[in-house]
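Reader: Hi! Could you walk me through this model?
Author: Happy to, here it comes.

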Amino acid sequence: MDAIHAAGLWTGLCILLLLVLSGLTSASRRRHKVSIGDGGKAEVIAAGRAFGNAAEYMPIALIALALMTFSGFQVWTIHAVGGSFFLGRILHAWGMFVTREGKPPAVQRMAGMLLTYVPLLGAAGALIWCFASSF
């Protein structure tokens, strides 16, 4: 599998995860009879933020994967960044659904954020290194 296929795999999986989180948000709104917004319901707020947080972080991660691919990074680096980021997004969403109001964040949520930040930081460093080494 070459790098473009690896990036395509993680992009496709991220898209599916985003659709699942969107569906869970819609289902939560229906269950609580909330047409717009969150209705102040903790479950709807959590579902909406799980989706929103993923939607906020995914574009930059997927752009980074594409740039790494086109910059000639090896397949394993694409899998390392894409796989850890994807796992982080799953863990974060899971943590959002199990965190209870007034309680500290669930360990899944904290692990998910760590597995979001680390691959993004790694991708940033790799892309900056790629630029700096071109001189």
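Reader: What does the secondary structure of the chain come to?
Author: The chain has four helices and zero strands, where helices (H or I, at least four residues) and strands (E, at least two) are DSSP runs numbered from the N terminus. The order of the elements from the N terminus on is α-α-α-α. Keep in mind that this is a predicted model: local features need pLDDT of at least 70, side-chain atom pairs count only at pLDDT 80 or more, and totals for chains, interfaces and linings use all residues. Residues are numbered from 1 along each chain as its sequence is written, and side-chain values use heavy atoms, with hydrogens and water left out.

Reader: Thanks! How many Å does the C-alpha trace span along its principal axes?
Author: About 55 × 25 × 25 Å.

Reader: And what share of the residues count as buried?
Author: Of the 135 residues, 36% do. Buried means under 20% relative accessible area, with exposed over 50% and partly exposed in between (1.4 Å probe, protein chains only).

Reader: Let's take α1. Which of its residues are buried?
Author: They are Ala3, Ala6, Ala7, Trp10, Cys14, Leu17, Leu21, Thr25 and Ser28. Their cover includes α2 and α3. Helix α1 covers residues 3–31 and reaches 42 Å from its first C-alpha to its last, close to the 42 Å expected at 1.5 Å a residue; the expected span is 1.5 Å times one less than the number of residues.

Reader: What comes just after α1?
Author: Lys33 sits there, with a positive phi of about 55°.

Reader: Switching topic: how do α2 and α4 cross?
Author: The axes of α2 (residues 42–70) and α4 (residues 107–132) come within 10 Å and cross at roughly 30°. Axes here are lines fitted to C-alpha atoms, for helices over the stretch in contact, and angles run from 0 to 180 degrees between N-to-C directions. That makes α2 roughly parallel to α4, since angles under 35 degrees count as roughly parallel, over 145 as roughly antiparallel, 65 to 115 as roughly perpendicular and the rest as oblique.

Reader: Nice. Which residues make that contact?
Author: From α2, they include Tyr57, Ile60 and Leu67, and from α4, Met113, Tyr117 and Leu120 are among them. Contact means heavy atoms within 4.5 Å.

Reader: Which residues of α4 are buried, then?
Author: Gln108, Gly112, Met113, Thr116, Pro119, Leu120, Ala123 and Ala126. These buried residues pack against α2 and α3 (75–98).
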